[in-house]
Amino acid sequence: MTARLLGLAGPVVLVAGILAPVANAQATCPIELAVYGDAQSGGEIDFTPTGTSATVTNTFRLILDNNVVLNGIVMWTQDVSRPNGALMYKCPEGDVTGEELAACTLWNGVIYTADDKGAVGLLPAQGVVAPKTLILPDLGPVLRQSRAYGGSGFSKVPSDVFSMKGCQE
């Protein structure tokens, strides 16, 4: 029995050695390189560096099934400081009017975060360590009613909660 247990110690150490760098990479990953996943739909949120925008603090995309990609941005509101996110689908290129932007915006709202202890916060701007969990309130129900759902669009509706999967190189 002891020999069997000692024989299992090698694979356990090997698995721990493989998982430790992944956990460490997630612990130090900046938000602009973070990747999040939704267990319900398999959807994924990938953040990318925003650059030098004066108003956009975060840039991301939500990748859904059937190769549907929603482009996302975050801008902090002025009055009560909140990270207001927006997900857009097939927006026109170049200068767009407010009406055109409203027509291609499928979801908008405050993006919240949660840590391992359940403490809720607000999505940070670039350069900050990525939170463990993202919460996009009412994302699923709103996307189910959108023009991108069904037909040749996506068929698996994401939940409102996304967990960190990893960090881009």
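**Entry 1: Asp 38**

Where does Asp 38 have its place? I found Asp 38 in the loop between strand 1 and strand 2; here helices (H or I, at least four residues) and strands (E, at least two) are DSSP runs, numbered from the N terminus. I noted that this is a predicted model, in which local features need pLDDT of at least 70, side-chain atom pairs count only at pLDDT 80 or more, and totals for chains, interfaces and linings use all residues. Residues are numbered from 1 along each chain as its sequence is written, and side-chain values use heavy atoms, with hydrogens and water left out.

I looked up the accessibility of Asp 38: the residue is buried, with a relative accessible area of 5%. The classes are buried for under 20% relative accessible area, exposed for over 50%, and partly exposed in between (1.4 Å probe, protein chains only). I then listed the contacts of Asp 38, contact meaning heavy atoms within 4.5 Å. Neighbours within four places in sequence aside, Asp 38 is in contact with Gly 43, Val 157, Pro 158, Ser 159, Val 161 and Phe 162. I also took one C-alpha to C-alpha distance: Asp 38 and Leu 64 lie 9.8 Å apart in space and 26 residues apart in sequence.

**Entry 2: the chain as a whole**

I counted 3 helices and 10 strands in the protein chain. Read from the N terminus on, the order of the elements is α-β-β-β-β-β-α-β-β-β-β-α-β. Of the 169 residues, 35% count as buried. Among contacts with a separation of 6 or more, 50% come from residues 24 or more positions apart.

I checked the confidence next, pLDDT being the predictor's confidence in each residue, from 0 to 100. The mean pLDDT of the protein chain is 86, and 84% of its residues reach 70 or more.

**Entry 3: aromatic pairs**

I applied a ring rule: rings of Phe, Tyr and Trp (its six-membered ring) pair if their centres lie within 6.5 Å, with planes under 30 degrees apart counted as stacked, over 60 as edge-to-face and the rest as tilted. How many aromatic pairs does this rule give? The count comes to 3 aromatic pairs. In one of them, the ring centres of Tyr 36 and Phe 47 are 6.0 Å apart and the planes stand at 75°, so the pair is edge-to-face. Tyr 36 lies in strand 1 (residues 34–37) and Phe 47 in strand 2 (residues 44–48), so this pair ties together parts that are 11 residues apart in sequence. Both Tyr 36 and Phe 47 are buried. Together with Phe 60, Tyr 36 and Phe 47 form one aromatic cluster.

Is Thr 133 buried or exposed? I found Thr 133 buried, at a relative accessible area of 17%. Thr 133 belongs to strand 9 (residues 133–135). Its contacts, leaving aside neighbours within four places in sequence, are Tyr 36, Tyr 112, Thr 113, Ala 114, Val 161 and Phe 162.

I turned to Val 120, which lies in strand 8 (residues 120–122). Val 120 is exposed, with a relative accessible area of 57%. Residues up to four places away in sequence not counted, Val 120 touches Tyr 112, Thr 113 and Ala 114.

**Entry 4: positive phi**

I noted Asn 67, a residue other than glycine, with a positive phi near 60°. Asn 67 is found in the loop between strand 3 (56–63) and strand 4 (69–76), and is exposed, with a relative accessible area of 73%.

I also noted Lys 90, which has a positive phi of about 55° although it is not a glycine. Lys 90 has its place in the loop between strand 5 (83–88) and helix 2 (98–104). At 62% relative accessibility, Lys 90 counts as exposed.

**Entry 5: pocket lining**

Which residues line the largest pocket? I recorded Asn 71, Met 88, Tyr 89, Lys 90, Cys 91, Pro 92, Glu 93, Gly 94, Val 96, Leu 101 and Cys 104. A pocket is an open set of points on a 1 Å grid over the protein atoms alone, where a 1.4 Å probe fits, with protein on both sides within 12 Å along at least five of seven lines; lining residues have an atom within 4 Å of a point.
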